[in-house]
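Q: Hi! Could you walk me through the cavities in this structure?
A: Happy to, here it is.

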Amino acid sequence: MMKSLSTSSRFRSTIKNTAFLILAIAACGNAYAQKEEPKRINIGLVYPVSTNGINAAQVSNSFSLNLLAGLSKNESGAAIAGFSNVILGNAQGLQVAGFSNHIGKEAQGAAIAGFLNTYGSSNGISIAGFANIGHTASKAQVAGFLNTGGKVSGLQVAGFMNVAQNVKGSQVAGFINHAANVKGFQLAGFINHAKTVHGTQLAGFINIADTADVQIGVLNFSKNGEMSIAATIDEVQTALVSFRSGGRLMYGILGAGYNFNNKKQVYAYQAGLGAHLLNGSQFRLNGELTNTGLLNFKDNEYYKVSFALMPAVRLGGVAEIFAGPSINYINSDPGEGPALHKKYISSWGGRNGNNFQGFYVGYTAGVAFKL
């Protein structure tokens, strides 16, 4: 009986001691929480000449204003600096700097810098005169020269280049876009490059991808696309050899040739876009918008913009023959160009040194060999 009472007493004592320990830990936690510094308002010149002094790197602010540069742990409101903001942790709200913003972890809100924004990740808008550099980015990156991001969800706009690993949204660049995987849209003044594109590539000159849904450019290369060499002739006896490349729907055209009617303006070039309006196993209906020029490498000029609608018959998956009518607009000096065609729907100019301009109906015919 005595043993039972002793055991019960020890058990109750253990429970009391455990409860006391839990209460002590909770009290310590509350005391630590009470010691956590509240967010401050920081005014300064440059670290450490500020209201936060040498402790600025350990202090989180709700507002910072520094004449030159500021340093802080976190920002939750607005951080404004004449030259640079350096935020070691997270930033929420607005960061504005004459030269650069540097955010160690996550940026939420808007970061605006005259030259550069850097961050671990961005869940907001980054605007920089030169570059935005981060690991991940959501919503928007806008830079005068360069944007980088491992994973981008939203919009990248750069005057020169966008670089990303995975894009879910759009890349818009003055010169080049590069990404591994794109689900959305790439628009570049010169070249788009990606591995896999579930969407559209639109470039002023060239698109490159392993696989792509839609490519629109003068030159298009993808493993699931088509490439061919075509020989064509039109109503004014301009013969061209052109390279055609693209996907299931759109393709680009780039060619060179010779005009057999002229004596001076004999060298021809052509660039344009085409679309498979109907795409059957044996029959196609192609629409092509092209710009053709004739020149003699001196002072004569002849430009023709044509839209041709051409039925095409496939020959065993190796070649196709096509031909059809075209509507044409020409702009030529008063020399040989206007005489290439006799009947115009409408024409004007060609006198007193003015260029001749006119509309007429013609044709295009040719054969293409699959590469």
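Q: How big is the second largest cavity?
A: The second largest cavity has a volume of about 40 Å³ in this predicted model. A cavity is a set of points on a 1 Å grid over the protein atoms alone where a 1.4 Å probe fits but cannot get out, and its volume is the space filled by probe spheres set on the points, joined across faces, edges and corners.

Q: Which residues line the second largest cavity?
A: Among them are Asn42, Ser64, Asn66, Glu75 and Ile87; lining residues have an atom within 4 Å of a point. β3 (60-72), β4 (74-81) and β5 (84-87) each give two or more residues, and β3 gives the most, with five. Strands are DSSP runs of E, at least two residues, numbered from the N terminus.

Q: And how are the residues numbered?
A: From 1 along each chain as its sequence is written. Since you're looking at a predicted model, note that local features need pLDDT of at least 70 and side-chain atom pairs count only at pLDDT 80 or more, while totals for chains, interfaces and linings use all residues, and side-chain values use heavy atoms, with hydrogens and water left out.

Q: New topic: what volume does the largest cavity have?
A: About 150 Å³. Of its 17 lining residues, the closest to the centre are Gln270, Thr290, Thr292, Ser306 and Thr364.

Q: Which strand supplies the largest share of that lining?
A: β21, with four residues.

How values were computed
On a 1 Å grid over the protein atoms alone, a cavity is a set of points where a 1.4 Å probe fits but cannot get out, and a pocket is an open set with protein on both sides within 12 Å along at least five of seven lines; lining residues have an atom within 4 Å of a point.
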